[in-house]
Amino acid sequence: MISKRLEEELNKQLNAEMYSAYLYLSMSAYLSKENLNGFSHWMLLQFEEEQVHAMKFFQYILDRGGEVKLEKINKPILSWNGIIDVYENVFKHEQHITNLINKLVDVAIKEKDHATVAMLQWYVSEQVEEEATVSELLDQLRIIDGKGSGLFMLDREAKARTSNISK
């Protein structure tokens with residue numbers, strides 16, 4: 001059985017993950033509109049990955065005898081000032097999610113819920129990977145100033161990204 005406090009915090013994180021998916025779907029639409037179809041594809045995979053992350057919280061809450069409480073998902077940003085702005089927002093958002101996960105770990109530790117602490121370690125590691133991947137891509141975009149043949153090449157690379165939905 002999971003404590004009410006931890007159940008509440010896990011539900012908040014589930015909903016934060018759903019917002020992340022919604023945000024990346026919005027970014028995908030924007031990038032498609034900008035004819036950056038490789039980056040649009042990259043964001044669609046992010047969208048799918050965030051849905052998987054949310055469903056892990058969903059199932060974990062149920063497995064621990066908790067109640068899932070789905071909340072309204074806020075409207076995401078719909079347009080940006082170019083590709084660098086998009087990925088700066090992705091990086092800020094991933095840092096925000098990292099902060100939320102870290103606070104959730106703190107709550108699980110205070111609640112002495114070792115199962116939840118163990119489950120959350122996957123998310124801690126996942127966030128390190130997410131931030132590193134986005135940081136590297138953002139650095140590359142900045143090097144080419146988000147335009148020119150370099151952008152074309154990076155867009156092509158982004159289109160080659162494959163899903164690791166098993167996450």
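Mentor: Let us begin with a single residue and its surroundings, keeping in mind that this is a predicted model. Leaving aside neighbours within four places in sequence, Arg64 is in contact with Met1, Ile2, Asp113, Ala115 and Thr116.

Trainee: Where does Arg64 lie, and is Arg64 buried or exposed?

Mentor: Arg64 lies in the loop between H2 and H3, and with a relative accessible area of 17% it is buried, because the limit for that class is under 20%.

Trainee: Which residue does the side chain of Arg64 meet in a salt bridge?

Mentor: The general idea is that side chains of opposite charge can pair when their charged atoms come close. Here the side chains of Arg64 and Asp113 meet in a salt bridge, at 3.0 Å from N to O. Arg64 belongs to the loop between helix H2 (37-63) and helix H3 (83-110), while Asp113 belongs to the loop between H3 and helix H4 (114-143), so the pair ties together parts that are 49 residues apart in sequence. Asp113, like Arg64, is buried, and the two side chains are also joined by a polar contact of 3.0 Å.

Trainee: How many salt bridges does the count come to, and which residues do salt bridges with shared partners join into one network?

Mentor: The count comes to nine salt bridges, and those that share partners join Lys4, Glu7 and Lys69 into one network.

Trainee: With which residue does Glu8 form a salt bridge?

Mentor: Glu8 forms a salt bridge with Lys12, and the closest N and O atoms are 3.7 Å apart. Both residues lie in helix H1, four residues apart, about one turn of the helix. Glu8 counts as partly exposed at 46% relative accessibility, and Lys12 counts as partly exposed at 48%.

Trainee: Turning to the nonpolar residues, how many residues does the largest nonpolar core have?

Mentor: The largest nonpolar core has 25 residues, and those with the most contacts inside it are Phe39, Met43, Ile83, Val86, Tyr87 and Leu141. The elements that give two or more residues to this core are H1, H2, H3, H4 and helix H5 (148-159). Apart from this core lies another, of 18 residues, among them Ile61, Val68, Ile97 and Val105.

Trainee: What does Phe39 touch, not counting residues up to four places away in sequence?

Mentor: With those residues left out, Phe39 touches Leu31, Ile83, Tyr87, Leu137, Leu141, Leu151, Leu154, Asp155 and Ala158.

Trainee: How should I read the aromatic rings, and how many aromatic pairs are there?

Mentor: In general, a pair of aromatic rings is described by the distance of the centres and the angle of the planes. In this model the count comes to five aromatic pairs, and Phe39, Trp42 and Tyr87 form one aromatic cluster. Rings can also be examined for charges over their faces: Arg161 lies over the face of Trp42, at 4.6 Å from the ring centre, and Lys56 lies over the face of Trp122, at 4.0 Å from the ring centre.

Trainee: Which residues other than glycine have a positive phi?

Mentor: Examples include Asn35, whose phi is near 60°, and Asp145, whose phi is about 60°. Asn35 lies in the loop between H1 and H2 and is exposed, with a relative accessible area of 62%. Asp145 is found in the loop between H4 and H5 and counts as partly exposed, at 46% relative accessibility.

Trainee: To finish with another loop residue, where does Asn74 lie, and what does Asn74 touch?

Mentor: Asn74 lies in the loop between H2 and H3, and its relative accessible area of 52% makes it exposed. Not counting residues up to four places away in sequence, Asn74 touches Tyr19 and Tyr22. From C-alpha to C-alpha, Asn74 and Ile101 are 19 Å apart in space, and they are 27 residues apart in sequence.

Terms used:
Residues numbered from 1 in each chain as written. Predicted model: local features only at pLDDT ≥ 70, side-chain atom pairs only at ≥ 80, totals over all residues. Heavy atoms only, no water. Salt bridge = Lys/Arg side-chain N within 4 Å of Asp/Glu carboxyl O. Buried < 20%, exposed > 50% of the residue type's maximum accessible area, 1.4 Å probe, protein only. Core = buried A, V, L, I, M, F, W, Y, C linked by side-chain atoms within 4.5 Å. Contact = heavy atoms within 4.5 Å. Phe/Tyr/Trp six-rings, centres within 6.5 Å; stacked < 30°, edge-to-face > 60°. Lys NZ or Arg CZ within 6 Å of the ring centre and 35° of its normal. Polar contact = N/O pair within 3.5 Å; in protein donor to acceptor, adjacent residues only side chain to side chain.
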